Amino acid sequence: MKRAFVLSWVGITLLVFAGCGGTSRPPPAEEMGSSPGAAGGGGESFGGLDSGTAVPICGKMDDGSYCDCVDVPLFTDPPNLYFVLDRSGSMADGNKWAQVRSTMATVLRALGPRANFGAEVFPGFANESCALPVEIMPMSPGDPPGQGNGPTTSMFLARTTDAPYGGTPMAEALREVLPKLKMLTGKSFVILATDGGPNCNGTVSCGVNKCMPNIENQVGCPPGGPTNCCTLPYGTPESCLDDSPTAAAVSALKSAGFPTYIIGIPGSTPYANVLDALAIAGGTAQSTSPRYYAVSAAGSDALLATLKKIAAKIIATCDYTLTSAPADPGLVNVYLDEVVLPQDPVNGWKIDGDTVTLLGTACSSVLNGDVLGVRIVTGCPTVLIR
């Protein structure tokens, strides 16, 4: 039977480094390494799903020396991203639970201090199909850059090792999120991702059209057949589609100021109408069908691509304010997803005092979610458009 999960999150990766000058152009990001005496540290990017790619922290000079680097923080107001993750039985199919864990850890590593993170799983860890959701991580600041799996990422991974099991008490999970978010300051977002529909409500009754084993054409329950697997002696009400209470929980989050994004991962197609309704209730519906965010293929890459699109909706910007203006604007470079972006007044970037602005197609790539990682590095001569 299909299940569901919720994530609350997202941001643009931006690291700024100040350091020594030099006469050599900065190499591609993957060639940049740590200076033996560097004061700053690298973080993790979205390059690898398991371990990430080290953030470029220094420029390697032609003579083999490095620029000393200092991590310069930005003026930011990090959002609160609360993940509510489905670990129900169907998440074991196709290794989906492992892919979700890996992708979420990548997100935590990459965003680091640019967001605060909390997480809940449903059902909980009691040996019951519809066990109550459990908070595995209270809202916590993102890890400092350069620590790899820092305290927050490590906490998340350590507390999500249990195998998928049970049903999908999605409505209850969403109801538990609301009071937690009300206690926080700043902007908060929920991202619900599911490979199916909500259930686990023993107080409802349903016919064949809303009995999930029938919807999914499971053995003994053909759609439209005489046997309803949600009624005794064939089954129980817990397998009825719990769509109305779930929509009400999403509406309550939206009314309280917490938009809810809906992701449907592979397996969710039979519940497309339900997910569309949740996206509309959450105030995040896309303009065309499907109204929710459908992951087009199995695997971590497809899920990550969808999360990047949602991240862009939440916090993407083309203007980056540094804590101070670089001493020499001719020693500034911008990297988009590890690749240096030449300074170009049309489709590149410009700097004005303490503000770096992306222009043209460079700006569009960030706003569209095609690029997630944005890095501003000082200390090596600016790469210019040729």
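Helices here are DSSP runs of H or I with at least four residues, strands are runs of E with at least two, and both are numbered from the N terminus.

I'm working on a predicted model, where local features need pLDDT of at least 70, side-chain atom pairs count only at pLDDT 80 or more, and totals for chains, interfaces and linings use all residues. Residues are numbered from 1 along each chain as its sequence is written, and side-chain values use heavy atoms, with hydrogens and water left out.

**Entry 1: Thr-152 and helix H2**

I started with Thr-152, which sits in helix H2. Is Thr-152 buried or exposed? I get a relative accessible area of 6%, so I call Thr-152 buried. My cut-offs: buried is under 20% relative accessible area, exposed is over 50%, partly exposed is in between, with a 1.4 Å probe and protein chains only.

Next I listed what Thr-152 touches, skipping residues up to four places away in sequence: Leu-108, Phe-117, Met-137, Ser-140, Pro-141 and Asp-143. A contact means heavy atoms within 4.5 Å.

Then I took H2 as a whole, residues 151-158, and found Thr-152, Thr-153 and Phe-156 buried. Looking down the axis of H2, I see these buried residues within an arc of 95°, so they line one face of the helix. The arc is taken from the directions from the helix axis to the C-beta atoms. As background, an α-helix has 3.6 residues a turn, so residues three or four places apart point the same way. On the face of H2 turned away from the buried side I find the exposed residues Pro-151 and Ala-158.

What do the buried residues of H2 pack against? I find strand S4 (80-86), helix H1 (96-111), strand S5 (116-122) and strand S6 (134-141).

**Entry 2: helix H7**

I checked the length of H7, residues 300-315. Its 16 residues should span 22 Å at 1.5 Å a residue, and the end C-alpha atoms are 22 Å apart, which agrees. The expected span is 1.5 Å times one less than the number of residues. I also noted buried residues in H7, among them Ser-300, Leu-304, Leu-307, Lys-308 and Ile-314.

**Entry 3: disulfides**

I searched for cysteine sulfur atoms within 2.5 Å of each other, which is how I define a disulfide. How many disulfides does this rule give? The count comes to 4, and I wrote up some of them.

Cys-130 and Cys-200 form a disulfide with sulfur atoms 2.1 Å apart. The angle about the S-S bond is -80°, and the link of Cys-130 and Cys-200 is left-handed. I place Cys-130 in the loop between S5 and S6, and Cys-200 in the loop between strand S7 (188-194) and helix H4 (212-215), so the pair ties together parts 70 residues apart in sequence. Cys-130 is partly exposed at 27% relative accessibility, while Cys-200 is buried at 16%.

Cys-206 and Cys-240 also form a disulfide, again with sulfur atoms 2.1 Å apart. I read -85° about the S-S bond, and this link is left-handed. Cys-206 is in the loop between S7 and H4 and Cys-240 in the loop between H4 and helix H5 (243-255), 34 residues apart. I find both Cys-206 and Cys-240 buried.

For Cys-318 and Cys-363 the sulfur atoms of the disulfide are 1.9 Å apart. Here I get 90° about the S-S bond, and the link is right-handed. Cys-318 lies in the loop between H7 and S10 and Cys-363 in helix H8 (residues 360-367), so parts 45 residues apart in sequence are tied together. Cys-318 is buried at 9% relative accessibility, and Cys-363 is buried at 16%.

**Entry 4: strands**

I followed an open sheet of 3 strands in the order S10-S14-S13, with antiparallel pairing. Two strands pair if DSSP finds at least two bridges between them. Strand S10 (319-321) and strand S13 (349-352) are at the edges, each with a single partner strand, so one side of each is left without a neighbour in the sheet. S13 and S14 (residues 355-358) pair over 4 bridges, and I noted that Trp-349 has Leu-358 in S14 as its bridge partner.

Last I looked at S15, residues 374-378, where 5 of the 5 residues are buried, so the strand is largely enclosed by the rest of the structure. Val-374, Ile-376 and Thr-378 point one way from S15, and Arg-375 and Val-377 the other. S15 pairs antiparallel with strand S11 (residues 332-336) over 5 bridges, and I find Asn-333 opposite Val-377.
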